[in-house]
Amino acid sequence: MMNLPEKVSICEVGLRDGLQNEKVIPSTDEKLALLRGFIDAGYKVIEVGSFMHPKKVPQMADTDEIFKRIGEIPEDVELRALIPNTRGVQRAIDCGCKKVKLNVSASRMHNLKNLNRTPEESVAGFADCVKMANENNIAISGSISMPFASPWEGRTPVEDVDAIIEAYLKVGIDEISLSDASGQAVPNQVYDLCKHVREKYPQASWWLHFHNTRGAAMANILAAMQAGMTRFDASFGGLGGCPFVPGAAGNISSEDVINMLDEMGITTGVDVLKVMEMSRKVSDLLGHGLDSYVLRAGRSKDLIASQAE
Ligand code: ZN
């Protein structure tokens with residue numbers, strides 16, 4: 001028997017990771033409609049946007065406004081935003097965002113080239129963000145991109161990942177996301193790293209974030225579940241990419257993940273038909289097709305239903 005969880009949490013990241021790579025930017029009203037649609041579909045965690053500099057990421061410039069305008073949301077729904085530094089925490093405070101996420105690249109070369117710091121030095125520099133977030137009742141988590149491999153250095157040494165995790169724990173961040181932004185991870189490596197971090201850092205809780213650049217994201221999710229992981233990011237319609245990574249594809253499509261888990265008897269609490277509705281809407285808005293098998297083929301459940309008619 002496979003070792004599988006009964007329940008899995010999916011964070012919808014399409015509004016951030018997906019839309020930030022699009023040329024056509026949906027209006028704030030359109031984004032709000034999507035966000036409300038996702039809450040209605042049953043998502044309990046949604047990545048709404050980011051507080052990066054609007055010149056750097058113009059697609060996310062209205063994140064503050066979205067938080068201000070969303071209004072009452074169910075108490076058990078967490079809306080999070082990506083931040084680069086304390087300016088991001090300040091924007092979260094000002095617009096009522098209650099959960100922020102930092103990010104660091106596990107690629108030493110990438111970090112040194114872009115920020116002139118080692119990844120651990122970057123994370124140590126997040127201490128002021130943590131302090132400010134804590135003082136203002138804002139939850140804070142951290143992400144490690146390319147903990148499996150990077151386009152510049154190949155496989156990431158496990159010791160490097162450990163050093164970054166330890167730096168996060170040291171500044172008081174214990175919710176950590178492992179993000180295969182370049183889509184290079186493979187299942188046996190995912191299984192080994194997930195098992196390793198769970199055993200070595202039992203005080204931490206984990207998210208996994210897989211891009212489907214080379215078609216291995218679904219297999220990686222299965223491998224991570226086998227290693228005991230239960231929280232995964234996904235993007236409606238498989239939207240997304242990464243401006244820094246050559247040829248990057250989007251996150252694994254939410255519909256595909258939820259449909260597979262539904263069929264496996266693993267609860268996500270998300271209504272896949274409603275997610276598909278959102279994808280069709282955004283596909284019309286963006287003017288291009290989306291990268292989701294289930295969106296094209298429909299649910300396998302519906303095949304039987306249509307035969308019975
Ligand atoms: Zn991503």
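Which residues have the most contacts inside the largest nonpolar core? Select Tyr168 and Phe232: they have the most contacts in that core of 86 residues. A nonpolar core is a set of buried Ala, Val, Leu, Ile, Met, Phe, Trp, Tyr and Cys residues joined through side-chain atoms within 4.5 Å. Buried means under 20% relative accessible area, exposed over 50%, partly exposed in between (1.4 Å probe, protein chains only).

Before moving on, note that this is a predicted model, where local features need pLDDT of at least 70, side-chain atom pairs count only at pLDDT 80 or more, and totals for chains, interfaces and linings use all residues. Residues are numbered from 1 along each chain as its sequence is written, and side-chain values use heavy atoms, with hydrogens and water left out.

**Around Tyr168.** Show its contacts (heavy atoms within 4.5 Å). Leaving aside neighbours within four places in sequence, they include Leu102, Val104, Phe126 and Ile144.

**The zinc ion.** Go to the metal next. Asp17 (OD), His209 (NE2) and His211 (NE2) coordinate the zinc ion at 2.0 to 2.1 Å. Asp17 lies in helix α1 (residues 14-18) and His211 in the loop between β9 (205-210) and α10 (217-226), so the pair ties together parts 194 residues apart in sequence. Helices (H or I, at least four residues) and strands (E, at least two) are DSSP runs, numbered from the N terminus. Donors are N, O and S atoms within 2.8 Å of the metal (3.2 Å for Na, K and Ca); water is not among the atoms, so sites may look incomplete. Asp17 is buried at 4% relative accessible area, and His211 is buried at 3%.

**A salt-bridge network.** Stay on Asp17. Arg16, Glu47, Arg80, Lys101 and Asp233 are linked with Asp17 in a network of salt bridges. A salt bridge is a side-chain nitrogen of Lys or Arg within 4 Å of a carboxyl oxygen of Asp or Glu.

**Lys99 and Glu78.** Select this pair. Their side chains meet in a salt bridge (3.0 Å, N to O). Lys99 sits in strand β4 (residues 99-105) and Glu78 in strand β3, 21 residues apart. Lys99 is buried at 3% relative accessibility, whereas Glu78 is partly exposed at 26%.

**Arg108, Glu120 and Asp160.** Arg108 and Glu120 form a salt bridge (2.5 Å, N to O). Asp160 touches both Arg108 and Glu120.

**Helix α2.** Finish at residues 28-41. Among the buried residues here are Leu32, Leu35 and Phe38.

Note on methods
The expected span of a helix is 1.5 Å times one less than its number of residues.
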